[in-house]
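My notes follow in the order I went through them.

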Amino acid sequence: MIVILNNKCNLNKDEFKAYLKDISEIKTKIDLVLCPNFLNISEFKSDKIILGSQNVSAQNSGAFTGEISANILKSYNVKYCLVGHSERRKYQQENYHEINQKIKKLLESNITPILCIGETKEERDSKKYKEVIKEQLLSAIKDLSLENQKKIIIAYEPVWSIGTGLIPTNNQIEEIFSYIKSYIMTNKILYGGSVNETNVDTLKKINLIDGYLLGTLSLQEKKLKLFLNKIENLTN
């Protein structure tokens, strides 16, 4: 079981130090991956939590102002990196080709990509969600060897669920997870989107879920601890 903590654009330097101290004291056997903002990556010090990144450049180096390459992340001992989060697809207009290139750069630096995929409410309501998931998935793994494809973690986050408090039914999640596994059978698949310490009681009944991608909950230490305790009770 793996849990990804996505801090998004939150926590200044001092806030992050206090936050990191608090979550590092949480006792769990679950693999915790923390994805802070870029500046806080340099403030990361923990032997209990794994360091991740929220983004990476599609370039190796050069005149690309504001970009952070995979080899720079590697120099900070980053082990995992989110790719294709719906917020970046929407606000930074990330396209399929760019996401594919980012995954390739991460793999070259031995950083595990966490590919975020998911449909909007309109795509769900129009019954096009499987087409969307397929296109997002296959475009991301284009031209990758089978060996490299297997290294990618998939995070299913329905866009209509992120930050809304709404989550799909267990049957809907199982349908998508089974559909994803029809293309990549052995990859770990995480669920994300309004996950909290309450609805995890329902979510943990889904055997196909290999872990979770947390946004808001990642910033709430007490609720995060309760969430992890509930997951641990399941996995022990």
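Where is the place of Lys-188? I found Lys-188 in the loop between helix 9 and strand 7 (189–192). Helices (H or I, at least four residues) and strands (E, at least two) are DSSP runs, numbered from the N terminus.

Before going on, I noted the ground rules. This is a predicted model, where local features need pLDDT of at least 70 and side-chain atom pairs count only at pLDDT 80 or more, while totals for chains, interfaces and linings use all residues. Residues are numbered from 1 along each chain as its sequence is written, and side-chain values use heavy atoms, with hydrogens and water left out.

**Lys-188, continued.** I looked up its cover: Lys-188 has 42% relative accessibility, so it counts as partly exposed. Buried here means under 20% relative accessible area, exposed over 50%, and partly exposed in between (1.4 Å probe, protein chains only). Skipping neighbours within four places in sequence, I listed contacts of Lys-188 with Ile-152, Ile-153, Ile-154 and Asp-210; contact means heavy atoms within 4.5 Å. I also checked Ala-155, which is 33 residues from Lys-188 in sequence and 8.5 Å from it in space, C-alpha to C-alpha.

**Whole chain.** I counted eleven helices and eight strands in the protein chain. Its radius of gyration is 17 Å, close to the 18 Å that the globule rule gives for 236 residues, so the chain is as compact as a globular protein of that length. That radius is taken over C-alpha atoms, and the rule is 2.2 Å times the number of residues to the power 0.38. The C-alpha atoms fill a box of roughly 45 × 45 × 30 Å along the principal axes. Buried residues make up 50% of the 236. Of the contacts between residues at least 6 apart in sequence, 70% join residues at least 24 apart.

**His-85.** Next I went to the loop between strand 4 (80–83) and helix 4 (86–91), where His-85 sits. Buried or exposed, this His-85? It counts as buried, because its relative accessibility is 4%. The His-85 side chain reaches the backbone nitrogen of Glu-87 at 3.1 Å. Beyond four places in sequence, I have His-85 in contact with Asn-6, Lys-8, Cys-116, Glu-157 and Ile-162.

**Lys-8.** Lys-8 lies in the loop between strand 1 (2–6) and helix 1 (13–24). Its phi is near 55 degrees, a positive value in a residue other than glycine. At 23% relative accessibility, Lys-8 is partly exposed.

**Ser-161 and Ser-194.** I placed Ser-161 in the loop between strand 6 (153–156) and helix 9 (170–181). Its relative accessible area is 0%, so Ser-161 is buried. Not counting residues up to four places away, Ser-161 touches Leu-166, Ile-167, Pro-168, Tyr-191, Gly-193 and Ser-194. I then followed Ser-194 to the loop between strand 7 and helix 10 (200–203). Ser-194 has a positive phi of about 60 degrees although it is not a glycine, and at 17% relative accessibility it counts as buried.

**Leu-226.** Last stop was helix 11 (residues 221–235), which holds Leu-226. I noted Leu-226 as partly exposed, with a relative accessible area of 39%. Its C-alpha is 6.2 Å from that of Glu-197, which is 29 residues away along the chain.

Definitions and conventions: Polar contact = N/O pair within 3.5 Å; in protein donor to acceptor, adjacent residues only side chain to side chain.
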